[in-house]
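Biologist: Could we go through this structure together? I would like to begin with the helices and then turn to other topics.

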Amino acid sequence: MAKEQQPQAAQQGEAGLSPLFPTYARYPISLVKGEGSWLWDDQGNKYLDFMCGLAVTNLGHAPKQVKEKLKAQLDELWHVSNLFHIPGQEKAAALLTQHTCADAVFFCNSGAEANEAAIKLARRYHQKVLGNGRFEIITFTQSFHGRTLATLTATGQDKVKEGFLPLPAGFKTVPLHDVKALESAITSSTAAIMIEMVQAEGGVYPVDPAFVKAIQELCQKHGLLLIVDEVQTGMGRTGKLFAHEHYGLQPDIFTSAKGLGSGFPVGAMLGKGYLREAFAAGSHGSTFGGTPMSMAVVQATLETMVEENVPQRAAESGQYLVARLHEELGGHSFVKDIRGKGLLIGIECADAVGEIVLEGQRRGLLFVTAGPNVIRLLPNLLVSKEEIDQAVSLLAELIQEHTAVKSL
């Protein structure tokens with residue numbers, strides 16, 4: 001309604017309130033500059049970044065190769081409609097298919113959109129190509145697949161679903177690593193199984209290889225598509241370009257975002273060639289998916305990943321980080337487990353870790369949680385050993401001090 005028609009409180013501007021919806025519980029820090037593993041706030045304070053914008057800046061902040069390609073594209077063309085050919089899409093898709101098991105790519109703007117596209121492709125393949133009417137997607141408890149209505153329904157965490165009823169039909173969630181429950185959930189309506197190779201948001205739980213094999217067998221037996229959500233685990237994060245490579249897996253569909261654009265918003269849904277027919281012209285689309293700007297960033301990011309062997313460097317740095325964590329924290333009663341793959345590490349603790357996160361910020365170290373009791377470490381994939389040592393040393397101090405205070 002027009003301002004003159006709004007209630008008096010709204011007309012007064014609700015003094016002191018931000019004009020933004022309060023959808024984020026923000027930390028009291030305003031970050032304004034980044035370079036490599038480091039961030040600076042508007043007060044001049046410097047932070048060692050072991051969050052990477054939640055696994056986004058995998059090459060560090062403002063990587064040179066990506067920045068140069070983006071600047072060059074700024075001088076050429078920003079946006080055209082997908083009604084026209086966009087050469088950058090062909091180049092970026094060629095790089096992705098060249099270095100993965102995928103044959104075709106659909107570009108979008110985020111991980112949620114990529115997962116939404118994966119769900120739509122699976123349903124449409126069964127319904128329009130195979131003609132069997134299947135629509136149901138099976139996912140797993142503690143998973144996280146996005147914030148759209150479909151992807152939050154697919155997510156195996158009730159907290160993201162509160163207040164959004166009714167949720168879309170066509171999703172089942174079963175416990176991770178429970179083969180019998182998974183078998184029981186499969187019906188004649190099941191179209192696909194959707195899984196993360198490491199449940200990053202759900203506590204940093206890598207999937208057991210035996211369970212992955214069971215999923216493969218069930219998909220083959222029942223004619224199901226296998227969708228792997230690689231939004232957080234992809235682009236070198238786990239020590240392979242995509243985490244499903246650790247399992248010798250070739251999913252029918254997998255998704256990417258976060259590290260795909262080095263901080264520029266972009267997502268991708270990748271699939272096998274036999275799925276092309278399901279996504280015929282007009283079946284799906286995106287106004288901003290695959291713009292010249294985002295494609296320049298994807299090309300530069302992928303080229304850097306390959307040329308500098310970034311996934312292997314992440315694997316080696318991850319081994320070093322885990323070894324240092326065991327040295328400093330392995331015998332501590334507060335630390336229950338240290339797990340993960342590559343540079344996606346979870347430290348499960350005996351109690352809530354929120355205060356440790358805040359104290360880390362006060363001392364110049366940024367990290368995040370994966371549930372109330374799990375510290376999640378997500379440094380960039382080119383992080384140095386010296387930076388790892390610095391982070392581990394400070395984290396050990398924080399945990400030691402936290403437990404000392406708790407014991408008083």
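**Helix contacts, sheets and local features**

Biologist: How do the axes of helix α11 and α12 cross?
Modeller: A caution to begin with: this is a predicted model. The axes of helix α11 (residues 354-362) and α12 come within 10 Å and cross at roughly 130°. Angles over 145 degrees count as roughly antiparallel and 65 to 115 as roughly perpendicular, with the rest oblique once the roughly parallel ones are set aside; α11 and α12 are therefore oblique to each other. Their crossing is right-handed.

Biologist: Which residues of α11 and α12 meet there?
Modeller: From α11, Glu 355, Ile 356, Glu 359 and Gly 360 take part, and they meet Leu 395, Leu 398, Ile 399 and His 402 of α12. By class, the residues of this contact divide into four nonpolar, two polar and two charged.

Biologist: And at what angle do α10 and α12 cross?
Modeller: Helix α10 (residues 310-329) and helix α12 (residues 385-406) have axes that come within 10 Å and cross at roughly 30°. Angles under 35 degrees count as roughly parallel, so α10 is roughly parallel to α12. The crossing of α10 and α12 is right-handed.

Biologist: What makes the contact between α10 and α12?
Modeller: On the α10 side the contact is made by Ser 317, Tyr 320, Leu 321, Arg 324, Leu 325, Glu 328 and Leu 329. On the α12 side it is made by Lys 385, Ile 388, Asp 389, Val 392, Leu 395, Ala 396 and Ile 399. Sorted by class, the contact of α10 with α12 has nine nonpolar, one polar and four charged residues.

Biologist: Let us change topic. In what order do the strands of the sheet with β1 run?
Modeller: That open sheet has four strands in the order β1-β2-β3-β15, and the pairing is mixed. At the edges stand β1 (31-35) and β15 (365-366); each has a single partner strand, so one side of each is left without a neighbour in the sheet.

Biologist: How many bridges join β2 to β3?
Modeller: Strand β2 (residues 38-41) and strand β3 (residues 46-49) run antiparallel and are joined by three bridges. Leu 39 stands opposite Tyr 47 in β3.

Biologist: What about the sheet that contains β13?
Modeller: This open sheet of four strands has the order β13-β14-β17-β16, with antiparallel pairing. Its edge strands, β13 (335-341) and β16 (368-369), each pair on one side only. Over two bridges, β16 pairs in the antiparallel sense with strand β17 (residues 374-377). The bridge partner of Val 368 in β17 is Arg 376.

Biologist: Now the charged pairs. How many salt bridges does the structure hold?
Modeller: There are 13 salt bridges in the structure. One of them is formed by Lys 69 with Glu 303, whose closest N and O atoms are 3.4 Å apart.

Biologist: Which parts does the pair of Lys 69 and Glu 303 tie together?
Modeller: Lys 69 lies in helix α3 (residues 64-74) and Glu 303 in helix α9 (residues 292-307), so the pair ties together parts that are 234 residues apart in sequence.

Biologist: Finally, the backbone. Where is the cis peptide bond?
Modeller: The cis peptide bond joins Leu 165 and Pro 166, with omega about 0°. Pro 166 lies in the loop between α6 (149-154) and β6 (171-174).

Biologist: And what is the phi of Ala 55?
Modeller: Ala 55 has a positive phi of about 65°, although this residue is not a glycine. Ala 55 is found in helix α2 (residues 52-55).

Terms used: Residues are numbered from 1 along each chain as its sequence is written. This is a predicted model: local features need pLDDT of at least 70, side-chain atom pairs count only at pLDDT 80 or more; totals for chains, interfaces and linings use all residues. Side-chain values use heavy atoms; hydrogens and water are left out. Axes are lines fitted to C-alpha atoms, for helices over the stretch in contact, and angles run from 0 to 180 degrees between N-to-C directions. A crossing is left-handed if the near helix is turned anticlockwise from the far one by less than a right angle, and right-handed if clockwise. Contact means heavy atoms within 4.5 Å. Ala, Val, Leu, Ile, Met, Phe, Trp, Tyr, Cys and Pro count as nonpolar, Asp, Glu, Lys and Arg as charged, and the others, Gly among them, as polar. Two strands pair if DSSP finds at least two bridges between them. A salt bridge is a side-chain nitrogen of Lys or Arg within 4 Å of a carboxyl oxygen of Asp or Glu.
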